[in-house]
Amino acid sequence: MNEKYIARSRQVAYRVLGEETIVMSATDSRLFNLSEVATVIWQAADGRTSLSEIVNRRVCAEFDVLPQVAYPDALAFAEELARHGILHISDRPIPVVETSAPIGAAVNP
Amino acid sequence: MSLMEQLNRKALGLGVPLSVHLDVTYRCNERCEHCYLEHDDRGEMTAAEIAGVLRQLADAGVFFLTLSGGEPFVRRDCFEIIECARSLHFNVKLKTNAVLLREKEAKRLRALGVEQVQISVYSHRAEVHDATTKVAGSLNRTLAAIRLLRLHGLKVTIANVLMRGNSRDSEGVRALAAQLGAHYTLDPTITPMIDGNTSVLRLRLPAQELGEVFHNAELVGDVESFCAPPPPVDEDVREGLPCSAGHTACYISPYGDVYPCVQFPLPCGNVRRQQFLDIWRSSSQLEQVRSIRAKDLPTCSSCSHLGTCTRCPGLAYMEGDMRGPSTADCEKSFIRTGIRTAGMLLRDAASAMPGLVQIQLS
């Protein structure tokens, strides 16, 4: 199995509301509501942690589900979000550039 | 129920301020004749103070953040504030006249993932728009900026405030928006100035012209449905909330003052002296606003328009009673449907009543 890495797009806004997450794409203003399990995957999508590790360490640990059951669902979820352009998937770690410098720091135009 | 409705309902249940409007300055490079603000700087929050407030808002669960002014880009650190907001994952909407935006800024806004930019355009004719803003060449500069924003893939909404002097231009502005690939929104609301000064209300659209707007299918869609008599008021309507102000939304001024809404100048606290969540959860003023249900409105609860009226509690507050009718919204309901509102009937009755002292001249 090839490792997959996932990273949130920089063109989205998101916020955890209760145990779910709302996500809005700045590209097409589409709104998404992520379930509790999807929220765990979304929050772990840092581009550095592999999807299998996210499933093993976060999803299986928190939701009492076997990796062989959870992984295909997690991959399908990631691919669906990728189709909407709000998540990136790669076979390699994805460099994530922070949105901004901390306020008060010099800002380059 | 749409996802947005579900979201609002959930936020309401959790007590989360889903939307915040933050004015980063009242200074402006235009002098629009209908503006409700004083443009002097009385000590606006620094970028560092605003960053602190934004972090508190993110922790409180705020998702939709509108950054506005005044003209936000007269602040040299405006991009710093936007970058901070985006780093905290807010959905950012900017309200600007766009006069100061060039290629570099448009590109940067796109890279930052700003969701939309709302820009006021008063007319497709420069002589009308520029007369409103009192800045020569402002329409050309605004339109040039809109083209650049669109070129870089930003969603742009043209807000067309209707008032005396530009009401006949709404179709022209709408056509212009279509040509530019921008969304169009029409707003016939002129509000008193934030200090209560009502002189700008002279610019409100006369009833006949507002009636023409409300009966124009190009502007309102299905006229028959838009202007239909209100349906009977049911219990859901009577138990309903007047609007989202103070429930899932609030406003913060450049000086840190917190209000239920930008159009509702009831001071609820100040983020320079208090934590935002303490204000949001414990302000007695917000609790008062939240306690009101449609059935509690002394005049409006008996009105046939209760379920369809756009009654603004902020405008009512500025008229003296947040539970009272808003004259402007009474007029809109009447002009739309031809049916007088409870507020109008009350005024009619009051004016027909003889005074306590009658003097007959022989």
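Colleague: How many residue pairs are in polar contact between chain B and chain A?

Modeller: Keep in mind that this is a predicted model. A polar contact needs a pair of N or O atoms within 3.5 Å. Between chain B and chain A the count is 11 residue pairs, both partners being at pLDDT 80 or more.

Colleague: And which residues form a salt bridge there?

Modeller: The rule finds one salt bridge across this interface. B:Lys10 pairs with A:Glu20, and their closest N and O atoms are 2.8 Å apart; the cut-off is 4 Å.

Colleague: Which helices of chain B supply the side that touches chain A?

Modeller: Helices H1 (3–14), H2 (47–60), H3 (78–87) and H4 (103–112) of chain B each supply at least two residues. By type, that side of chain B divides into 21 nonpolar, five polar and nine charged residues.

Colleague: How do I read the interface as a whole?

Modeller: Take contacts and buried area together. Here 35 residues of chain B are in contact with 28 of chain A. The two chains bury about 2,600 Å² between them, with 61% of it on carbon and sulfur atoms.

Colleague: Now the nonpolar cores. Which residues touch the most other members of the largest one?

Modeller: A core is a set of buried nonpolar residues joined through side-chain atoms. The largest has 58 residues, and B:Leu54, B:Leu57, B:Ile82, B:Phe90, B:Leu109 and B:Ile252 touch the most other members. H2(B) gives the largest share of this core, eight residues.

Colleague: What does B:Ile82 touch?

Modeller: Leaving out residues up to four places away in sequence, B:Ile82 touches B:Leu67, B:Phe73, B:Leu94, B:Leu109, B:Leu112 and B:Val114.

Technical notes
Residues numbered from 1 in each chain as written. Chains lettered and ligands numbered in written order. Predicted model: local features only at pLDDT ≥ 70, side-chain atom pairs only at ≥ 80, totals over all residues. Heavy atoms only, no water. Contact = heavy atoms within 4.5 Å. Buried area = accessible area lost by both parts, 1.4 Å probe. Salt bridge = Lys/Arg side-chain N within 4 Å of Asp/Glu carboxyl O. Polar contact = N/O pair within 3.5 Å; in protein donor to acceptor, adjacent residues only side chain to side chain. Helix = DSSP H or I, 4+ residues; strand = E, 2+ residues; numbered from the N terminus. Nonpolar A, V, L, I, M, F, W, Y, C, P; charged D, E, K, R; others polar. Core = buried A, V, L, I, M, F, W, Y, C linked by side-chain atoms within 4.5 Å. Buried < 20%, exposed > 50% of the residue type's maximum accessible area, 1.4 Å probe, protein only.
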